[in-house]
Amino acid sequence: MALQFLLLIAGLLLILFGANWLVDGSSSIAKKTGLSEFVIGLTIVGIGTSTPEMVVSFISSFQGKADMAIGNIVGSNIFNTLIILGITAVILPLAISKETIRRDLPLNLLATALLIGLGMKHSIFGAGTDTLTRVDGLILLSLLAWYFWILLRKPKNAAVEAAGPSKEEEDSIKVFSTGKSLILIAAGLGGLVFGGRLFVDSATEIAVHYHMSQKFIAITIMAAGTSLPELATCVVAALKGRSQLALGNVLGSNIFNILLILGGSALIHPLKFGAMTPVDVGTMMISAIFLILSVYTFKKNKLDKFEGAILLLMEAGYMTWLFMN
């Protein structure tokens, strides 16, 4: 079994390195071809921090392991909000812009509520089954398309401010030769695919050996592992005083996880929500609601240190419940 743990770590490292290589290669190509800062920003933030979740969930869906596909995203979004924003806010209070209050926070809550409503139709409304169907997947992907349309139709400067890097950050992007960029992209894709399969397969073996559910493994080990890029990005951003980058990274990742990754996973294979409990989805929903409430409590329009501590306590309570059950 020690071998399976080593394979789990090796798979995770391949995913993280693969994501890094893919971002470096694609960012270099983007900058060499003169693409906008906004497009480069989407490449760095969107691909760089959410690809691990996407690879793990898509592979789990292909293999018919719905518990892992769903548990990975539910666990990642809980981890992103409670742990990553909690730690980041304790380091540096996070200012919440008017654009974030008007658009991103409500969409984060809407995506979370829509996922729960579609995936747990029978438990909540007494209709259908607790399954995220292909039609449900199309609904989630349609909402994502609308979100991107909203972003793209804004004036260029507003779009850059909302989702892209600063001029200083863009200048820090390394530019390689076209050949090296393509090699990095290919190596990144290879690392993601091979590492993703290795990660999912070894996690399954560990769950079976220790008589743990696939959902438990997905919502704890897999979720924390695939959220490492977000954690690293946000902590570094907080230490550099870039609170907007940290908050935008987490909100974007949460929205991307639900709408694209679970939407796409449901298209590949309908996902049964049988292993999800009211506590799991309730924690995800409460964390989304808490972010909106933080706009109006204590230091208004900020996620302050006290609220960050509350987020960390909520995560401790949820983890305690998971291990006790």
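This is a predicted model: local features need pLDDT of at least 70, side-chain atom pairs count only at pLDDT 80 or more; totals for chains, interfaces and linings use all residues.
Now please turn to T51, which has its place in helix α2, residues 37-62. Is T51 buried or exposed? Its relative accessibility is 3%, and since the limit for buried is under 20%, T51 counts as buried. If you look for I15 as well, you will find that T51 and I15 are 36 residues apart in sequence, while their C-alpha atoms are 8.3 Å apart in space.

My last topic is the empty space inside the model. Rolling a probe the size of a water molecule over the atoms shows where such space is left. Here the count comes to 1 cavity of 30 Å³ or more, and the largest cavity holds about 40 Å³ of space. Which residues line the largest cavity? They are N77, T81, N108, T112, N254, M284, S287, A288 and L291. Two or more residues of this lining come from each of the helices α3 (66-91), α4 (98-119) and α13 (278-293), and α13 gives the most, with 4 residues. When the lining of the largest cavity is sorted by class, there are 6 polar and 3 nonpolar residues, and no charged ones.

Key:
Residues are numbered from 1 along each chain as its sequence is written. Side-chain values use heavy atoms; hydrogens and water are left out. Buried means under 20% relative accessible area, exposed over 50%, partly exposed in between (1.4 Å probe, protein chains only). On a 1 Å grid over the protein atoms alone, a cavity is a set of points where a 1.4 Å probe fits but cannot get out, and a pocket is an open set with protein on both sides within 12 Å along at least five of seven lines; lining residues have an atom within 4 Å of a point. Grid points are joined across faces, edges and corners, and a volume is the space filled by probe spheres set on the points. Ala, Val, Leu, Ile, Met, Phe, Trp, Tyr, Cys and Pro count as nonpolar, Asp, Glu, Lys and Arg as charged, and the others, Gly among them, as polar.
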